[in-house]
Amino acid sequence: MLRVCAAHRVAVVPFGGGTSVVGGLAPVRGGLAGVIALDVARMNLLLGVDAESQIATCEPGLRGPALEAALAIHGFTLGHLPQSWEYATVGGFAATRSSGQASAGYGRFDSVVVGVRIATPAGSWELGHAPASAAGPDLRQLVLGSEGAFGVITQVRLRVRPVPEKKIHEGWRLADFTGATALLRAMAQRDLLPTVMRLSDEVETAAGLATARPGSDAGTGGCLLITGYEGRAGWVDARRAEVAGLLRAAGAVALGEDAGAQWAHGRFDGPYLRDALLDVGMFAETLETAGFWSALSGLHTGVRDALTAALAAEGTPGLVMGHISHVYPTGASLYFTVVCGQVDDSVARWRRVKAAASRVITEAGATITHHHAVGTDHRPWLAAEIGDIGVAVLRAVKNTLDPVGILNPGVLLP
Ligand SMILES: Cc1cc2nc3c(=O)[nH]c(=O)nc-3n(C[C@H](O)[C@H](O)[C@H](O)COP(=O)(O)OP(=O)(O)OC[C@H]3O[C@@H](n4cnc5c(N)ncnc54)[C@H](O)[C@@H]3O)c2cc1C
């Protein structure tokens with residue numbers, strides 16, 4: 001099919017769950033004769049589970065809930081729960097290097113991909129033949145994050161784990177974001193992470209968004225930290241006790257399992273608020289980045305201040321909330337939610353406001369995207385991050401796999 005499209009110069013946009021938030025599905029014709037969306041929704045099977053190796057083989061159109069339900073029958077879980085989990089697909093997760101809410105325990109999506117198969121105009125390509133390999137560079141990484149521009153992901157093999165014996169979420173209140181961030185770093189660097197770790201800054205905590213439930217304890221000052229533990233009962237109990245000791249010693253106040261349960265209950269609800277906000281004349285958008293620990297505090301204040309100033313300059317001051325939800329030994333992600341009044345062209349206004357934040361991110365040497373991918377929105381910022389040689393390497397790969405340039409012409413490549 002891709003060869004036919006190449007012969008007739010028809011652009012192809014692979015479509016998974018349609019949850020891209022960076023313009024990854026923009027129907028760009030790119031000077032070709034036409035453009036079609038290639039929806040993989042009907043390729044939605046769990047093809048098999050190698051229980052001995054703990055590897056699941058999936059079709060790309062499998063959505064989060066269907067994947068977990070199918071794995072549970074075999075006693076396994078993937079544990080990949082982005083906020084878009086209800087709709088997003090395995091192929092989309094792979095194509096965007098997605099990261100889920102339990103990334104501290106289960107890892108980013110790209111870290112659990114054992115193997116991948118893609119269809120390209122140049123032919124089918126299958127990668128990942130051993131648990132580890134020294135056979136040259138890891139070419140799976142050219143497929144992960146390729147956003148439909150190099151090929152259509154038709155199969156993904158994933159590392160799965162036994163369904164956890166025990167799951168617990170709990171809440172903590174910490175005095176301030178800077179001190180709490182240092183605590184997260186200590187946990188990550190001591191290899192003491194829970195499975196879920198989410199720290200809201202003072203504004204997000206005060207806005208009560210952290211638990212997405214009115215009347216929660218989150219609104220009473222400081223910063224809300226949600227920790228979650230999933231795994232063998234012994235591990236959950238031991239890790240929880242060790243983390244709790246560290247938190248208490250740092251002056252954190254325990255909010256208990258209720259606060260954790262409230263967060264877990266509402267964990268996919270936040271985005272639905274956007275419709276209600278639009279109905280009352282409000283606008284909501286998000287952006288994300290990641291940086292090393294040594295630069296994280298400055299990155300947080302820099303992006304927050306840039307968003308705040310840009311909104312004020314537009315004549316629409318707004319609320320800028322932030323949180324950390326993906327933590328590594330060397331750094332962490334930062335996620336910002338902006339709420340402000342609507343204007344005649346709110347999309348154009350957001351582009352200007354986001355550009356101000358993107359400049360700060362780029363100048364700080366942080367990444368333009370930790371997990372949302374490049375799409376069309378971040379394309380202008382990619383070269384600054386990967387360099388001219390990086391862009392040339394991506395172009396060379398594209399030219400090899402898709403010489404006519406039919407695959408998702410609008411995304412990824414500057
Ligand atoms: C409310 C909301 C919350 C979100 N929360 C998170 C979050 O917590 N973590 C996170 O990582 N992301 C999040 N996202 C972003 C988005 O869900 C992810 O990027 C997700 O991985 C996209 O999956 P999808 O199946 O919807 O892909 P789509 O949106 O359909 O496609 C995304 C990109 O991948 C390409 N693509 C899709 N399928 C294939 C395939 N089979 N082969 C080749 N290319 C393909 C598309 O062409 C497109 O460029 C959120 C989005 C929304 C709307």
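What we have here is a predicted model, in which local features need pLDDT of at least 70 and side-chain atom pairs count only at pLDDT 80 or more, while totals for chains, interfaces and linings use all residues. Residues are numbered from 1 along each chain as its sequence is written, and side-chain values use heavy atoms, with hydrogens and water left out.

Let me stay with Glu-363 for a moment. Its place is in helix α13, residues 346–363, where helices (H or I, at least four residues) and strands (E, at least two) are DSSP runs, numbered from the N terminus. Glu-363 and Leu-299 are 64 residues apart in sequence, yet their C-alpha atoms are 9.9 Å apart in space. A second pair is Arg-42 and Asp-176, which are 134 residues apart along the chain and whose C-alpha atoms are separated by 48 Å. Arg-42 sits in the loop between β2 (34–39) and β3 (46–50), and with a relative accessible area of 81% Arg-42 is exposed.

Now to the ligand. How many residues surround the ligand? There are 32 of them, and the closest are Pro-14, Thr-19, Ser-20, Ser-84 and Thr-89; a residue is taken as near a molecule if one of its heavy atoms lies within 4 Å of it. By class, this shell has 12 nonpolar, 19 polar and one charged residues, where Ala, Val, Leu, Ile, Met, Phe, Trp, Tyr, Cys and Pro count as nonpolar, Asp, Glu, Lys and Arg as charged, and the others, Gly among them, as polar.

A polar side-chain atom of Thr-19 lies 2.6 Å from a ligand oxygen, a polar backbone atom of Gly-18 is 2.9 Å from a ligand oxygen, and for Gln-83 a backbone N or O atom lies 2.9 Å from an oxygen atom of the ligand. Taken alone, the ligand exposes 960 Å², and the protein buries 93% of that; these areas come from the Shrake-Rupley method with a 1.4 Å probe, and for residues only the protein chains shown count as cover.

Which elements give two or more residues to the shell around the ligand? They are β1 (10–15), α3 (90–96) and β8 (152–159), and α3 gives the most, with five residues. As for the domains, domain 1 (2–162 + 392–401) and domain 3 (270–372) both give residues to the shell, so the ligand lies between them; the domain bounds come from an automatic or database domain assignment.

Next, the strands, where two strands pair if DSSP finds at least two bridges between them. Strand β15 (319–324) is largely enclosed by the rest of the structure, because five of its six residues are buried. β15 runs antiparallel to β11 (196–200), to which two bridges join it, and there Ser-200 stands opposite His-323. β15 also pairs in the antiparallel sense with strand β17, residues 331–341, over five bridges, and in β17 the bridge partner of Val-320 is Val-338. In the loop between β15 and β16 (327–328) we find Ser-325, which is buried, with a relative accessible area of 12%. The side chains of Ser-325 and His-326 are joined by a polar contact of 3.5 Å, a polar contact being a pair of N or O atoms within 3.5 Å, of which, within protein, one must be able to donate a hydrogen and the other to accept it, and residues adjacent in sequence count only if both atoms are side-chain atoms.

Elsewhere, strand β6 (residues 113–120) and strand β7 (residues 123–127) pair in the antiparallel sense over five bridges, and a hairpin joins them through two residues. Val-116 stands opposite Leu-127 in β7.

Finally, backbone angles. Most residues other than glycine have a negative phi. Arg-9, although not a glycine, has a positive phi of about 55°; Arg-9 is found in the loop between α1 (2–7) and β1 and is partly exposed, with a relative accessible area of 42%. Asp-191 likewise has a positive phi, near 60°, and is found in the loop between α7 (177–189) and β11, where Asp-191 counts as exposed at 64% relative accessibility.

Technical notes
Buried means under 20% relative accessible area, exposed over 50%, partly exposed in between (1.4 Å probe, protein chains only).
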